[in-house]
Amino acid sequence: SAKEASEELQGSHLDGACIQVHGPKRSVGPTVYLNGLGHDATEKAVADFFSSAGEVQSVSIFKDRDTNVPSGKGVVVFRTEEAQRKAIEKFSDAEFGGRRLQVRDGAGRSEQFTIFVAGLDSSTTTEGLSRHFAHCGEVADAVVLRKRETGESRGIGKVCFRSEEAHRRAIEEYHGSELNGRSIVVRDYDTSGKGGGRGQGLGYAVFVAGLSQETGPEKLRA
């Protein structure tokens, strides 16, 4: 199970690297997930920054297990879903501490239909990515992935839709479309491990960090 994997494999070695295995955790309220925090960010500063969206219950900034250095990621827990919604709308791609923040719904998106987008221009924001695909159908979530060290765009992203029809249209009609002067690649985002990519039948997942560059998917599954 995910719980057993996180307990038994935490700190084990794979290809000479000490890995971290984190099981899923339950949130205590409406939560947003943060990426792109600076190493000097404090939980109080983050709470103050997000308080304009609504009452903040708690803030957690994640740290590297071995070095105890902030990883640039964290979560904010709000009192209400309305505050959570405002935080996502207001602070996605906002600047905090001189860096661009990624702000996403902390709840699982397993019920939605997700696409992977590549070839993004460095100027493309999460909001711009969401707008580009809005004609396909209702967008539940979108994110432009960024480098942890610099906050620069990695040129890739994900878009989650509310319906299978919107998901299908995005792949069929928007692959090769132009966004900010770049022809983008659009394909199904395989979250099931079985090629389906519909986000169904996911089971229980764990997050694994600290992998060696030589470690591939097949060895990780083994």
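**Notes on salt bridges and burial**

1. Arg146 forms a salt bridge (a side-chain nitrogen of Lys or Arg within 4 Å of a carboxyl oxygen of Asp or Glu) with Asp93, and the closest N and O atoms are 3.2 Å apart. Because Arg146 lies in strand E11 and Asp93 in the loop between H3 and strand E7 (95-96), the pair ties together parts that are 53 residues apart in sequence; helices (H or I, at least four residues) and strands (E, at least two) are DSSP runs, numbered from the N terminus. Both Arg146 and Asp93 are buried, where buried means under 20% relative accessible area, exposed over 50% and partly exposed in between (1.4 Å probe, protein chains only).

2. This is a predicted model, in which local features need pLDDT of at least 70 and side-chain atom pairs count only at pLDDT 80 or more, whereas totals for chains, interfaces and linings use all residues. Residues are numbered from 1 along each chain as its sequence is written, and side-chain values use heavy atoms, with hydrogens and water left out.

3. The count of salt bridges comes to 10. One of them joins Arg168 to Glu172, with the closest N and O atoms 2.4 Å apart, and these two residues, four apart in helix H5 (residues 164-174), are separated by about one helical turn. Arg168 is partly exposed at 33% relative accessibility, while Glu172 is exposed, with a relative accessible area of 54%.

4. Lys147 and Glu152 also meet through their side chains in a salt bridge (3.8 Å, N to O). Lys147 is partly exposed at a relative accessible area of 40%, and Glu152 is partly exposed at 46%.
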